[in-house]
Amino acid sequence: MKTSATSFLLGSLVLVICLPFVVTVPKTLAIPEKLQEAVGQVIVNATTCTVTCGLGYKEETVCEVGPDGVRRRCKSQRLECLTNWICGMVHFTILIGKEFELSCLSSEILEIGQEAFRFTWRLARGIISTDDEVFKPFRATSHFVKFESAQEYDSGTYRCDVQLLKSLRVVKRLYFGLRVLPPTLVNLDFHQSLTEDQKLADEGLEVNLDNYSRPHRPPWRKKVAITLGIGIASGVAGSVLGIVVYGGLRGIYSLKA
């Protein structure tokens, strides 16, 4: 019994000592021939998305690359891309009674077809904000909101969400900050505030605007200024001459006396 136990212990000890040597014996890993001849598709070139927000497109070039590293059967493909679906806010200020339209269409949406999208509008009336908690549903299912005659009541922030119908994924969110003001509150006629040179430049003519800060003066103002200058100079000269004559006459009478 003791002999058997001793033999078992000795055998276990030999196994423990030899096991690391067996495990660490290096073996050459054989790669199957089919795996060595495998060919994979690799993206070798890709452009950036056509837009920075909303649904856009990018071009990719895909080639088959084998073990020799040579590119074969390359093809270009156009794929949809979405870098950022929140597109910020656009501000508008219009006068009461004006016809106006808000639209969240883009060239990419038009290319696919607007029937492939769902448009949802929400409104934060009377305030300019991007806080989603202040928005309420707005009855509009088209890609645009049109005002036949805008009123102050129409002021606020309009939010347009664009969803792909096939996945209901939101691909674009755009805010419109709209201010509707009465004509008596502010004059929005920008062209009226321009100088003559600036008006010419605005029409596309080449004008030197280096002295744009100097206001334009009509010719009649220049003539009035010249006339006033001559009158003042004549008055001063007449006063001096009168003083000289008076002094001379006074001296003569003093000598006679």
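What follows is a dialogue on the labels used for this predicted model.

Biologist: How many helices and strands does the chain have?

Modeller: The chain has five helices and ten strands. Buried residues make up 22% of its 257 residues. Of the contacts with a separation of 6 or more, 60% are between residues 24 or more positions apart.

Biologist: What makes Cys 49 and Cys 81 a disulfide?

Modeller: The cut-off is a pair of cysteine sulfur atoms within 2.5 Å. The sulfur atoms of Cys 49 and Cys 81 are 2.0 Å apart, and the two form a disulfide. Cys 49 is in the loop between β1 (40–46) and β2 (55–65) and Cys 81 is in strand β3 (residues 71–82), so the link ties together parts 32 residues apart in sequence.

Biologist: Why is the disulfide of Cys 49 and Cys 81 called right-handed?

Modeller: The torsion about its S-S bond is about 85°, so the disulfide of Cys 49 and Cys 81 is right-handed.

Biologist: Are Cys 49 and Cys 81 buried or exposed?

Modeller: Buried means under 20% relative accessible area. Cys 49 has 17% and is buried. Cys 81 has 9% and counts as buried too.

Biologist: What joins Cys 53 to Cys 87?

Modeller: A disulfide, with an S to S distance of 2.4 Å; the cut-off is within 2.5 Å. The torsion about the S-S bond is 120°, and the link of Cys 53 and Cys 87 is right-handed. The pair links distant parts of the chain, with Cys 53 in the loop between β1 and β2 and Cys 87 in strand β4, 34 residues apart.

Biologist: Why is Cys 53 called partly exposed?

Modeller: Partly exposed is the range between the buried cut-off, under 20%, and the exposed cut-off, over 50%. Cys 53 has a relative accessible area of 24%, so Cys 53 is partly exposed. Cys 87, with 19%, is buried.

Biologist: How do you know that Cys 104 and Cys 160 are joined?

Modeller: Their S to S distance is 2.1 Å, and a disulfide joins them. The torsion about this S-S bond is about 40°, so the disulfide is right-handed. Cys 104 is in the loop between β5 (100–103) and α3 (107–112), and Cys 160 is in strand β9, so the pair ties together parts 56 residues apart in sequence. Cys 104 counts as buried at 1% relative accessibility, and Cys 160 is buried with a relative accessible area of 1%.

Biologist: What is the count of disulfides, and what is the pairing of the bonded cysteines in sequence order?

Modeller: The count comes to four disulfides. With the bonded cysteines numbered in sequence order, the pairing is 1-5, 2-6, 3-4, 7-8.

Biologist: Why is one side of β1 and of β3 left without a neighbour in the sheet?

Modeller: Three strands form an open antiparallel sheet in the order β1-β2-β3. β1 and β3 stand at the edges with a single partner strand each, so one side of each has no neighbour in the sheet. The twist from one strand to the next averages 35°.

Biologist: What makes β1 and β2 paired strands?

Modeller: Pairing needs at least two bridges. Six bridges join β1 to β2, and the strands run antiparallel. For Gln 41, the bridge partner in β2 is Glu 64.

Biologist: Which strands form the sheet with mixed pairing?

Modeller: Five strands form this open sheet, in the order β4-β10-β9-β6-β7. β4 (86–95) and β7 (136–138) stand at the edges, each with a single partner strand, so one side of each lacks a neighbour in the sheet. Neighbouring strands are turned by 30° against each other on average, direction ignored.

Biologist: How do you know that β6 and β7 pair?

Modeller: Three bridges join β6 (residues 117–125) and β7 in the antiparallel sense, where at least two are needed. Trp 121 has Phe 138 as its bridge partner in β7.

Biologist: Why does Asp 154 have no salt bridge?

Modeller: A salt bridge needs a side-chain nitrogen of Lys or Arg within 4 Å of a carboxyl oxygen of Asp or Glu. The nearest side chain of opposite charge to Asp 154 is Arg 125, 4.5 Å away. Asp 154 is therefore without a salt bridge although it is buried.

Biologist: Where does Asp 154 lie, and which residues does it touch?

Modeller: Asp 154 lies in the loop between β8 (144–147) and β9 (156–164). Not counting residues up to four places away in sequence, Asp 154 touches Arg 125, Phe 147, Ser 149, Leu 178 and Val 180.

Key. Residues are numbered from 1 along each chain as its sequence is written. This is a predicted model: local features need pLDDT of at least 70, side-chain atom pairs count only at pLDDT 80 or more; totals for chains, interfaces and linings use all residues. Side-chain values use heavy atoms; hydrogens and water are left out. Helices (H or I, at least four residues) and strands (E, at least two) are DSSP runs, numbered from the N terminus. Buried means under 20% relative accessible area, exposed over 50%, partly exposed in between (1.4 Å probe, protein chains only). Lys and Arg count as positive and Asp and Glu as negative; His and the chain ends are not counted. Contact means heavy atoms within 4.5 Å. Axes are lines fitted to C-alpha atoms, for helices over the stretch in contact, and angles run from 0 to 180 degrees between N-to-C directions.
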